Structures are given as structure tokens and as C-alpha cells.
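User: Please go through the ring pairs and charged pairs of this model with me.

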Amino acid sequence: MDKIIVDGVLLTPLKKIHHPKGDVFHGMKKSDPGFFGFGEAYFSTINSEDTKPWKKHFDMTLNFVVPIGEIRFVIYDDREYSMTKNCFFDVTLGDNNYQRITIPPGVWVAFSGKGKSYNLLLNLASIEHDPNEIERKENLSDIKYQW
């Protein structure tokens, strides 16, 4: 499913440039749609078939890029005044679908590793990490979705 049905979520195709000594993977330019400032960049990994449960940022815009492996993202909109309230968006990014997903504040996201070994995620976040601006669900089943 690549048709975006959650308001504010963006998918931006990215370039991979092959070089015989090592490829170049584009991530983000400040002129790109989805750039809402820069706070920090970090990498995260997820093992094959593992899932990191739901989290929601109140202020941070997430920009996820998967340069190695494949990661499936599911986004859920429960914003009170959103025109896409109660909608889900499900997309797998990585080797075969190299794009950046921009996730606005106020929506839930969970993700699972789909690549056979190492799955690497880069987040280009709009603000620095602040544990007070995030809400987490302990269990994946806290939001009903057919994974």
C-alpha cells in the first residue's frame, strides 16, 4: 500500500547512486518537502521479524530513511480534528523501495524488520529528543491492526 491516507504523511523518493567503490544514498535536503527544521539525526536497527511498538511524538516531525534492509511502517491517526482520523497507512521501505517517510507530530507509528538480516533506520528529526514529548504503548496490540 503506497497510497497515503493519513493527513500530513509524505513519501519522498530518494536517489541511490551506484559507485564501484561504494554507493551514495541520499537522505534529505533542507529544500525538500517534509523538512521542518533539524534537531538531531540518529540510527536505529531492528532485527528481522521483530516489531517496535507504537509511539507518538507531540512536537517532533520524523523523517525515516532505510538505507539497509527493509522495514515495514504502520501509521495510525487518532488526532481528534484530523480528516483522516482512525485511518492507517502501511508501507515497507528499504532496498526495493528507497524513499523517505515524513511523519507529522500527533500520529502513532510502529515498525517491524522485514529484511532477512540487518535493518538500519535513519531518523532526521525536526527537534532534539525530549522524553516529555513522546507517548508510548507497551504492547503492539494496544492499537488494533492486522500485522
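Analyst: Buried means under 20% relative accessible area, exposed means over 50%, and partly exposed lies in between (1.4 Å probe, protein chains only). The model is predicted: local features need pLDDT of at least 70, side-chain atom pairs count only at pLDDT 80 or more, and totals for chains, interfaces and linings use all residues. Residues are numbered from 1 along each chain as its sequence is written, and side-chain values use heavy atoms, with hydrogens and water left out.

User: Is Glu-49 buried or exposed?

Analyst: Glu-49 forms a salt bridge with Lys-114, the closest N and O atoms being 3.7 Å apart. A salt bridge here is a side-chain nitrogen of Lys or Arg within 4 Å of a carboxyl oxygen of Asp or Glu. Lys-114 has 32% relative accessibility and counts as partly exposed. The relative accessibility of Glu-49 is 56%, so this residue counts as exposed.

User: How many residues apart in sequence are Lys-56 and Asp-78?

Analyst: The closest N and O atoms of this salt bridge are 3.5 Å apart. Lys-56 is buried at 11% relative accessibility, whereas Asp-78 is partly exposed at 27%. Lys-56 lies in strand E5 and Asp-78 in the loop between E7 and strand E8 (88–94), so the pair ties together parts whose separation in sequence is 22 residues. Strands (E, at least two residues) are DSSP runs, numbered from the N terminus.

User: What kind of pair do the rings of Phe-64 and Phe-111 form?

Analyst: Rings of Phe, Tyr and Trp (its six-membered ring) pair if their centres lie within 6.5 Å; planes under 30 degrees apart count as stacked, over 60 as edge-to-face and the rest as tilted. A search of the whole structure finds eight aromatic pairs. For Phe-64 and Phe-111, the centres are 6.1 Å apart and the planes are at 70 degrees, so the pair is edge-to-face.

User: Which strand holds Phe-73, and which holds Phe-111?

Analyst: The rings of Phe-73 and Phe-111 have centres 5.6 Å apart and planes at 45 degrees, so this pair is tilted. The pair links distant parts of the chain, 38 residues apart: Phe-73 is in strand E7 (residues 70–76) and Phe-111 in strand E10.

User: Which residues do ring pairs link into a cluster?

Analyst: Pairing is judged on the rings of Phe, Tyr and Trp. The cluster linked by ring pairs consists of Trp-54, Tyr-76, Phe-88, Tyr-145 and Trp-147.

Definitions and conventions. Helix = DSSP H or I, 4+ residues; strand = E, 2+ residues; numbered from the N terminus.
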